[in-house]
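Subject: Structure handover and notes

Hello,

Here is the structure for you to work with. My notes on what was found follow below it.

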Amino acid sequence: MLESSLKSLPFLHRGKVRDIYAVADDKLLVIQTDRLSAFDVVLPTPIPGKGQVLTALSLFWFRKLAHVIPNHLTGIEPESVVSPDERSQVAGRAMVVRRLKPLPIEAIARGYVIGSGWKDYQRTGAICGIPLPAGLREAERLPQPIFTPSTKAPIGKHDENIPFAEMEWLVGADRALAVRDATLRLYAEAADYARLRGIIIADTKFEFGIDGAGALVLIDEALTPD
């Protein structure tokens, strides 16, 4: 499915991969399409079934890590909020979530020297300004995971790494610390679980929102190939 076309709910936004609809005033229906995004650019050819994979993985990790931090899941079945003839568009590829205020950053945890982090390390001996031991090899596991926030770029633009001080300016010092601590704990628990099953999670990103009481909530997706 390249894009959804629901008529029973108000359409809100079409992102790089997800289509979002309003469910009353306090909830959203988030549909994972089969669109493919690479380096923040949407490619013309979808991957059949990709949305179901993203949804299944996110649901698994949201439930697995719910003891670390609350997430935006409501437990409402997506098929129950659309008309009968639209259920095939949401089956296995959608979530009904709480409507929250997203933070304007992406929270990235890195456990290995790989990708853009490797290039940064080769140039500076650090990743996103965080000094690292000399002599690390490409794809080597870091002594401990590091937190490297970035901006949230609009479609067609690239996210940019930012120093922690800039993140503090964007979201506030206390909230920045809470995001960093939650990100590193989420990554550590997920990476340990995956490692015992033969999978290395080299790095990942999380997104967070704020509820009406000001509490931090895990949103978006979690630990998917995207």
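Leucine 223 has a relative accessible area of 12%, so this residue counts as buried. Leucine 223 lies in the segment after strand 14, and its phi is positive, at about 55 degrees, although the residue is not a glycine. Please keep in mind that this is a predicted model.

Alanine 139 is another non-glycine residue with a positive phi, here about 75 degrees. Alanine 139 belongs to the loop between strand 10 (130-131) and strand 11. With a relative accessible area of 42%, alanine 139 is partly exposed.

Helix 5 and the cores

Helix 5 runs over residues 173-195 and has 23 residues. From its first C-alpha to its last, helix 5 reaches 33 Å, close to the 33 Å expected at 1.5 Å a residue. The buried residues in helix 5 are Ala176, Val179, Ala182, Thr183, Leu186, Tyr187, Ala190, Ala191 and Ala194. On the spacing of such positions: an α-helix has 3.6 residues a turn, so residues three or four places apart point the same way.

What covers the buried residues of helix 5? The cover includes helix 1 (50-64) and helix 4 (164-171), together with strand 8 (105-112), strand 11 (141-147), strand 13 (203-210) and strand 14 (216-219).

The largest nonpolar core has 36 residues. Within this core, the residues with the most contacts are Ile69, Leu103, Ile105, Met167, Val179, Leu186 and Phe208. Two or more residues each come from strand 3 (27-32), helix 1, strand 6 (94-98), strand 8, helix 4, helix 5, strand 13 and strand 14. Helix 5 gives the largest share of this core, eight residues.

Leaving out residues up to four places away in sequence, methionine 167 touches Ile105, Phe147, Pro149, Ile162, Gly172, Ala176 and Val179. There is also a second, separate core of 11 residues, with Tyr21, Val23, Leu29 and Val96 among them.

Glycine 51 lies in helix 1, and its relative accessible area of 0% is why glycine 51 counts as buried. Which residues does glycine 51 touch, not counting residues up to four places away in sequence? They are Gln32, Thr33, Asp34, Gly92 and Arg93. The C-alpha atoms of glycine 51 and glutamine 32 are separated by 4.5 Å, with the two residues 19 residues apart along the chain.

Threonine 55 is also found in helix 1. Is threonine 55 buried or exposed? Its relative accessibility is 2%, and buried means under 20%, so threonine 55 counts as buried. Not counting residues up to four places away in sequence, threonine 55 touches Gln32, Gly92, Arg93, Ala94 and Met95. The side chain of threonine 55 also reaches the backbone oxygen of arginine 93, at 3.4 Å.

Rings and charges

The count of aromatic pairs comes to six. In one of them, the rings of phenylalanine 60 and tryptophan 61 have centres 5.0 Å apart and planes at 80 degrees, so the pair is edge-to-face. Phenylalanine 60 is partly exposed, because its relative accessibility is 37%. Tryptophan 61 is at 7% relative accessibility and therefore counts as buried. Ring pairs link Phe60, Trp61 and Tyr193 into a cluster.

The ring of tyrosine 193 has the charged end of arginine 197 over it, 3.6 Å from its centre. Arginine 180 lies over the face of phenylalanine 164, at 5.1 Å from the ring centre.

Serine 8

Serine 8 is found in the segment before strand 1 (11-14). At 34% relative accessibility, this residue counts as partly exposed. Setting aside neighbours within four places in sequence, serine 8 is in contact with Val81, Val82, Ser83 and Glu86.

Two of these contacts involve polar atoms of the serine 8 side chain. One such atom lies 3.5 Å from the backbone nitrogen of serine 83. The side chains of serine 8 and glutamate 86 are joined by a polar contact of 2.4 Å. As for distance across the model, the C-alpha atoms of serine 8 and arginine 175 are separated by 37 Å, and the two residues are 167 residues apart along the chain.

Regards

Notes: Residues are numbered from 1 along each chain as its sequence is written. This is a predicted model: local features need pLDDT of at least 70, side-chain atom pairs count only at pLDDT 80 or more; totals for chains, interfaces and linings use all residues. Side-chain values use heavy atoms; hydrogens and water are left out. Helices (H or I, at least four residues) and strands (E, at least two) are DSSP runs, numbered from the N terminus. The expected span of a helix is 1.5 Å times one less than its number of residues. Buried means under 20% relative accessible area, exposed over 50%, partly exposed in between (1.4 Å probe, protein chains only). Contact means heavy atoms within 4.5 Å. A nonpolar core is a set of buried Ala, Val, Leu, Ile, Met, Phe, Trp, Tyr and Cys residues joined through side-chain atoms within 4.5 Å. A polar contact is a pair of N or O atoms within 3.5 Å; within protein, one must be able to donate a hydrogen and the other to accept it, and residues adjacent in sequence count only if both atoms are side-chain atoms. Rings of Phe, Tyr and Trp (its six-membered ring) pair if their centres lie within 6.5 Å; planes under 30 degrees apart count as stacked, over 60 as edge-to-face and the rest as tilted. A charge sits over a ring if NZ of Lys or CZ of Arg is within 6 Å of the ring centre and within 35 degrees of the ring normal.
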